[in-house]
Amino acid sequence: MKFAGLLLSNFKRHKLRTTLTILSIIVAFILFGYLAAIRKAFQMGISVAGADRLITRHKVSIIQLLPISYKTQIEQIPGVALATHATWFGGIYKDPKSSFFPQLPVIPEEYMSMYPEFLLPKAQYDTWLGTRTGAIVGRTTAKQFGWKVGDKIPINATIWRPKSGGTTWTFDIVGIYDGKFKETDTTQLLFRYDYFDENRVFGQGLVGWYLVKIKDPAHAADVARAIDEHFANSPYETKTETEKAFIKGFADQMGNIGKIVTTILTAVFFTILLVAGNTMAQAVRERVAELGVMKAV
């Protein structure tokens with residue numbers, strides 16, 4: 001520590017270089033923080049995915065639909081406690097660039113039983129059951145757009161056009177749900193499947209995927225295999241996987257986020273080493289004569 005004063009005084013030799021070096025390191029750590037937050041955001045849904053939930057989708061692709069009759073058959077498979085379904089709506093609210101959020105037609109009673117971590121006041125839940133055009137929305141999306149209970153929300157369809165003509169579906173916001181856990185997804189807009197199925201131009205009786213709650217998470221692989229074997233060689237073959245694997249695969253459609261972030265962070269820290277090494281080398285070259293005198297003394 002007796003040389004601390006000498007070290008600090010050396011920082012003042014080239015104040016501009018010292019300032020730029022410090023700023024470059026600060027920027028690098030800020031970039032690290034943002035990238036780590038982005039990676040965490042992509043993993044949040046995966047980390048809280050239910051261990052007792054499976055996803056059954058079309059074997060070829062998630063964009064291929066499945067018959068609604070599969071629900072009863074899935075529930076008859078040993079180890080299955082409950083099955084329900086959801087479908088990707090893919091609508092747009094105002095600006096398509098800044099208004100992306102999941103919209104899903106579901107069966108309210110079954111979906112809320114499947115996801116007990118979605119906290120919805122009972123009065124709002126009862127209103128949803130009694131309102132065919134009713135929808136509930138997560139707290140995050142409600143805050144983003146300033147929605148409140150009682151608002152009418154127009155959603156422009158990109159896939160499912162209504163029978164009334166045009167592309168606009170109008171939903172009544174009857175409830176706002178919160179998450180039981182910090183990582184719970186509160187971005188979804190959920191509306192009634194019966195209203196959706198009766199009023200879409202095509203696709204009646206078809207759904208996007210099935211959510212399956214199993215009795216024992218330890219037998220998840222066996223139940224998943226039994227479901228797929230049951231529908232093997234049918235016109236709509238299935239692929240069943242855990243909810244965690246399904247969410248991870250959905251996120252990976254945009255690329256391997258973890259690998260991309262890790263690569264960028266490696267480059268960031270390598271850059272820090274180059275900056276620090278370059279600064280140290282310059283300092284040594286400038287003080288060769290001084291170091292020689294000090295060594296002689």
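1. Asp172 has a relative accessibility of 15%, so Asp172 counts as buried. Please keep in mind as you read that this is a predicted model.

2. What does Asp172 do with its side chain? Asp172 meets the side chain of Lys152 in a salt bridge, with 2.5 Å from N to O. The two partners come from distant parts of the chain, 20 residues apart: Asp172 belongs to strand β8 and Lys152 to strand β7 (residues 152-156). Their surroundings are worth a look too. Lys152 counts as exposed because its relative accessibility is 58%, while Asp172, at 15%, is buried.

3. Now step back to the whole chain. Its secondary structure comes to 11 helices and 12 strands. Of its 297 residues, 38% count as buried. The chain exposes about 16,800 Å², and carbon and sulfur atoms supply 64% of that area. Among contacts with a separation of 6 or more, 77% are between residues 24 or more positions apart.

4. Back to charges: how many salt bridges does the structure hold? There are 14. One of them joins Glu241 to Arg57, where the closest N and O atoms are 3.6 Å apart. Glu241 sits in strand β12 and Arg57 in strand β1 (residues 53-58), so this pair ties together parts that are 184 residues apart in sequence. Glu241 is buried at 17% relative accessible area, and Arg57 is buried at 13%.

5. Another salt bridge brings together the side chains of Arg132 and Asp194, at 3.5 Å from N to O. This pair links distant parts of the chain, 62 residues apart: Arg132 is in the loop between α5 (122-129) and β6, and Asp194 is in helix α7. Are these two residues buried, partly exposed or exposed? Arg132 is partly exposed, with a relative accessibility of 36%, and Asp194 is partly exposed as well, at 28%.

6. A ring pair is described by the distance of the centres and the angle of the planes. The count for this structure is 24 aromatic pairs. In one of them, Trp169 and Phe171 are stacked, with 6.3 Å from centre to centre and 10° between the planes. Like Trp169, Phe196 is buried.

7. Ring pairs join Phe89, Trp160, Trp169, Phe171, Phe191, Tyr193, Tyr195, Phe196 and Phe202 into a cluster. A charged residue also meets this group: Arg200 lies over the face of Trp160, 4.9 Å from the ring centre.

8. Two residues show what being buried looks like. Val212, in strand β11 (residues 209-214), is buried with a relative accessibility of 0%. Beyond its neighbours within four places in sequence, Val212 is in contact with several residues, including Asp52, Leu54, Ile74, Met114 and Ile227. Thr56 is 156 residues from Val212 along the chain, yet their C-alpha atoms are separated by 7.4 Å. Ile136, in strand β6 (residues 134-138), is buried with a relative accessible area of 0%. Leaving out residues up to four places away, Ile136 touches, among others, Met112, Trp128, Tyr177 and Leu190.

9. Which residues make the nonpolar surface patch of about 740 Å²? They are Leu16, Leu20, Ile22, Leu23, Ile26, Ile30 and Tyr34. Tyr34 lies in helix α2 (residues 15-47) and is exposed, at 60% relative accessibility. Asn233 is exposed too, at 76%, and is found in the loop between α8 (220-230) and β12 (238-242). Most residues other than glycine have a negative phi. Asn233, however, has a positive phi near 65°.

Key
Residues are numbered from 1 along each chain as its sequence is written. This is a predicted model: local features need pLDDT of at least 70, side-chain atom pairs count only at pLDDT 80 or more; totals for chains, interfaces and linings use all residues. Side-chain values use heavy atoms; hydrogens and water are left out. Rings of Phe, Tyr and Trp (its six-membered ring) pair if their centres lie within 6.5 Å; planes under 30 degrees apart count as stacked, over 60 as edge-to-face and the rest as tilted. Buried means under 20% relative accessible area, exposed over 50%, partly exposed in between (1.4 Å probe, protein chains only). A charge sits over a ring if NZ of Lys or CZ of Arg is within 6 Å of the ring centre and within 35 degrees of the ring normal. Patches are made of residues with over 30% relative accessible area and no salt bridge: like charges are joined within 9 Å, nonpolar side chains (Val, Leu, Ile, Met, Phe, Trp, Tyr) within 5 Å. Accessible areas come from the Shrake-Rupley method with a 1.4 Å probe; for residues, only the protein chains shown count as cover. A salt bridge is a side-chain nitrogen of Lys or Arg within 4 Å of a carboxyl oxygen of Asp or Glu. Helices (H or I, at least four residues) and strands (E, at least two) are DSSP runs, numbered from the N terminus. Contact means heavy atoms within 4.5 Å.
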